[in-house]
Amino acid sequence: MPTSRPGLWSLVLVPALVTLLVTGLRLYGEMQDWNPSLFSRAAGGGGALVGISWLVLLFGFWFGWRLRRGGERVGIGRALALYLVAGGVFAGGVWALTKFQFVVFPQPEAPGKPTGMPYMLGLMGLVVLVSLAAWPRLTLTLIAYGLLARIPVVVITWFAVQNDWGSHYDKLGPGVAASTTMEKFLFLSMAQVTFWPFVFTTVAGGVVGSLGAALAGKGRQDY
């Protein structure tokens, strides 16, 4: 028999708190100059092992498993295929937009400001639509978790930029130029409230969530 159907906030609250703790640990480790392989100060995070991106895989899997055990009826194979399609749409869209220069990202040899961001936002919206078609409840859960995970990063970024902490939170990517502190903050925050919650979290979390649901549904008659 399925367990009680979980509410959205009951699903995301504990993962969001765990993510907040990891974010705090990451910031503290950077400020204390701890091992850079774990707490890198490089722009973009430098691939440091202590971070919140990988938590999407852990919690995405758990969300899918928990929703399935709570009685959520979903075509898991179809959901997985559509989440993969959503990822392909984004990757292919970025390739096309940059190739035909609808979107231009600054380069170290040609510093400046990114252009064509409305096209990117439109592409991200398309990714969300495909993800919602894949599995609406899981996608909404992942978006809620993604926003709760990234809003604290935006707050930290504000203080990091204002006080020039020298952490990865206040370092622009190669070639990106900002003329004011506010502009720098906006550039750094843009991905936190767009790409990370609405693309990476929904697509990567949706893929592993589908796998979690498949494991949770083994042997069930309503699968």
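**Aromatic pairs and nonpolar cores**

At 23% relative accessibility, F195 counts as partly exposed (20% to 50% of relative accessible area; buried is under 20%, exposed over 50%; 1.4 Å probe, protein chains only). F90, at 13% relative accessibility, counts as buried. The model is predicted: local features need pLDDT of at least 70 and side-chain atom pairs pLDDT 80 or more, while totals for chains, interfaces and linings use all residues. Residues are numbered from 1 along each chain as its sequence is written, and side-chain values use heavy atoms, without hydrogens or water.

The structure contains 10 aromatic pairs (Phe, Tyr or six-membered Trp rings with centres within 6.5 Å; planes under 30 degrees apart are stacked, over 60 edge-to-face, the rest tilted). F59 and Y145 form an edge-to-face pair, because their ring centres lie 5.6 Å apart and their planes meet at 65°. This pair links helix 2, which holds F59, to helix 5, which holds Y145, across 86 residues (helices are DSSP runs of H or I, at least four residues, numbered from the N terminus). Both F59 and Y145 are buried. The rings of F90 and F195 have centres 5.6 Å apart and planes at 35°, so this pair is tilted. F90 belongs to helix 3 and F195 to helix 7, so the pair ties together parts 105 residues apart in sequence. One aromatic cluster consists of F59, W62, F63 and Y145.

The largest nonpolar core has 30 residues (buried Ala, Val, Leu, Ile, Met, Phe, Trp, Tyr and Cys joined through side-chain atoms within 4.5 Å). F63, Y83, W135, L138 and Y145 have the most contacts inside this core. Helices 1, 2, 3, 5 and 7 each give two or more residues to the core. Helix 5 supplies the largest share, eight residues. A separate core of 12 residues includes A86, L97, M124 and V199. Beyond four places in sequence, Y145 touches V12, P15, A16, T19, L55, V56, F59, F63 and T201 (heavy atoms within 4.5 Å).
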